[in-house]
Amino acid sequence: MLPTLRLASRLPSPWRGNGPLSPEEAARHSLSSANELRCRQLLEATTARYRHREASAAVLVPLCSVHGDPSLLYTLRSSRLIGRHKGDVSFPGGKCDPQDQDIVDTALRETREELGLPIQEENVWGVMKPVNDRKNSVIVPVIAQVGPLESLDLTPNPKEVDDVFTMPLAHLLHPQNQGYTHFCQQGRYSYTLPIFLHGPYRIWGLTAIFTELTLEMLVPGTYHRIARLAGQQRSGETRT
């Protein structure tokens, strides 16, 4: 299963004062107490359904702020790791351990091990729907608010992490920073996955899917899902 050779940018939909909020306005309210309550309520059902289910791995999607700007926190996987994903942008996370109490415990443990960042369970908003990787392993995203970046004392594990960085939600919400890749199987279109761009960093694969699910939940009127199966096409997008 191979990707097409070109990256297609999404067509911009500028905000004109009516309808969806601009990226900046949507991002500004995304971590408000009111929106947190709304998101926690949306996640109640999936949390109850998947928190204690068997899974291969869990990742934490860390919501934070940088000088007041709502952002997501990412890691750059160590180039010294073994496997095809070394050097990739990712969220903290890893394989479930038999000693973990549940999926949330896995995500919080992995975040402590990778970033030296302890997160209280009360700051966890909930569990999103699992995603299957190419090997059909079940990966479960857990979303949590970790607070202002300026107040965090991060100590990345150099064996696992080469870099830690943030991306403002407003940046992720701008169409010019979004793209998508078409994948083909046996010469025919199969599916589409999102890509998010930021300087030298490219967010793709499962991390892009988790980013997309998070944006869709935080600002549903501003962000619209890119990922789709064969035969599906959204208005305002051009297939190349």
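Reply: Rings of Phe, Tyr and Trp (its six-membered ring) pair if their centres lie within 6.5 Å; planes under 30 degrees apart count as stacked, over 60 as edge-to-face and the rest as tilted. This is a predicted model, in which local features need pLDDT of at least 70 and side-chain atom pairs pLDDT 80 or more, while totals for chains, interfaces and linings use all residues. Residues are numbered from 1 along each chain as its sequence is written, and side-chain values use heavy atoms, leaving out hydrogens and water.

Me: How many aromatic pairs does the whole structure have?

Reply: The search finds four. One of them joins tyrosine 74 and phenylalanine 91, stacked at 4.6 Å centre to centre with 20° between the planes.

Me: And how are tyrosine 74 and phenylalanine 165 arranged?

Reply: Their ring centres are 5.7 Å apart and their planes lie at 15°, so this pair is stacked. Tyrosine 74 is in strand E4 and phenylalanine 165 in strand E10 (residues 161-168), 91 residues apart; strands are DSSP runs of at least two residues, helices (H or I) of at least four, numbered from the N terminus.

Me: Which residues make up the cluster linked by ring pairs?

Reply: Tyr74, Phe91, Phe165 and Tyr201.

Me: Changing topic, is histidine 182 buried or exposed?

Reply: Histidine 182 is buried, at 3% relative accessible area (buried is under 20%, exposed over 50%, partly exposed in between, with a 1.4 Å probe and protein chains only). Histidine 182 belongs to strand E11, residues 178-185.
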